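Below is a short briefing on one protein chain. Please look at the sequence and the model before reading the points.

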Amino acid sequence: MEQGKRKVQAKNLTKRFGELLVLDDISFDVMEGEFLCIVGPTGCGKTTFLNCLTKLYDITNGEILVDGAPINCKKNNISYILQESSAMEWLTVEQNIQFGLGIKRMPAGMKKERTEEMLELVGLTEYRNYYPKQLSISMLQRTVIARAFATYPELLLMDEPYGQLDLDLRFRLEDELVKLWQKTGTTVIFITHNVEEAVYLGERIMVLTNKPTKVKKIISCNLPRPRDVADERFVEMRNEVTELIRWW
Ligand SMILES: Nc1ncnc2c1ncn2[C@@H]1O[C@H](COP(=O)(O)OP(=O)(O)OP(=O)(O)O)[C@@H](O)[C@H]1O
Ligand SMILES: [Mg+2]
């Protein structure tokens, strides 16, 4: 693993729901500014991990630290795009983006500036006054991402945001996400079922096992960006991850 500061540390993390042991004594680090992809079989506890990190769920045993301390939602600036996230129907694109900024009590001038920047970055300036139901799926997803990035979160959690999208669209949104990540230097934890997506995005890819869930392997992926899915090294890496998950 490269040198740097640990942004997130999962230490002996165990999560049970009653008798059901989901996360089984898991330990790993996420480095500051890193893009970590997590892949694992359905029901292995990927969403549960994010819910433990954000304190939506209690942890049974062990701990998750952010910057060396238990997460503090008042202090830590974290954006979480939930598995079923969507834009808020009753707000325009612009208001959706501003929503997160309002919560952070940002001064009005700065809020305006940040909103313009985000609209521009995701290419929705012209559509700022549209409501979600007037948008295409890609525009909707870009609104959700812009809202999540608007506060320049120190940590961005994304739970299968592009699961339902067609390939072409997914690539475009992934490129946009990488652009935002590079610009803001945020630490990203990105959950996906899709091996190609994980290799396209991740600096490291963490493969989880079936329940009771352990870390099966963490693979570093330092292919240059933008990544080329037809590149020999890309295909090699994709095959390596595919091989790992074949024996889930
Ligand atoms: N609130 C809860 N109460 C009881 N059991 C739960 C709860 N949340 C999750 N589980 C169980 O924990 C396990 C992990 O669920 P989780 O949603 O984290 O899986 P996942 O890896 O995100 O799956 P998917 O890839 O389908 O999204 C599942 O067996 C699920 O039934
Ligand atoms: Mg899930």
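In what order do the six strands of the open sheet lie? The order is β6-β7-β8-β3-β9-β10, with mixed pairing. The model is a predicted one.

- Strands of a sheet pair through backbone hydrogen bonds, in either a parallel or an antiparallel way.
- At the edges are β6 (78-81) and β10 (215-220), each of which pairs on one side only.
- From one strand to the next, the twist averages 15°.
- β6 and β7 (residues 155-159) run parallel and are joined by four bridges.
- Tyr 80 is opposite Leu 157 in β7.

**Helices on the sheet**
- Helix α4 (residues 137-149) lies across β6 and β7, and runs at about 160° to β6.
- Helix α7 (residues 232-246) packs on the sheet, where it touches β3 (35-39), β9 (204-208) and β10.
- The direction of helix α7 makes about 175° with that of β10.

- In soluble globular proteins, nonpolar side chains tend to be buried together.
- The largest nonpolar core has 50 residues, and the members that touch the most others are Met 158, Leu 177, Phe 190 and Ile 205.
- Helix α5 (residues 167-184) gives the most to this core, namely seven residues.
- Beyond its neighbours within four places in sequence, Ile 205 is in contact with residues including Leu 36, Val 39, Ala 198, Ile 219 and Val 241.
- A second, separate core has 25 residues, among them Leu 23, Ile 38, Leu 157 and Leu 208.

Definitions and conventions
Residues are numbered from 1 along each chain as its sequence is written. Chains are lettered from A and ligands numbered from 1 in the order in which they are written. This is a predicted model: local features need pLDDT of at least 70, side-chain atom pairs count only at pLDDT 80 or more; totals for chains, interfaces and linings use all residues. Side-chain values use heavy atoms; hydrogens and water are left out. A nonpolar core is a set of buried Ala, Val, Leu, Ile, Met, Phe, Trp, Tyr and Cys residues joined through side-chain atoms within 4.5 Å. Buried means under 20% relative accessible area, exposed over 50%, partly exposed in between (1.4 Å probe, protein chains only). Helices (H or I, at least four residues) and strands (E, at least two) are DSSP runs, numbered from the N terminus. Contact means heavy atoms within 4.5 Å. Two strands pair if DSSP finds at least two bridges between them. Axes are lines fitted to C-alpha atoms, for helices over the stretch in contact, and angles run from 0 to 180 degrees between N-to-C directions.
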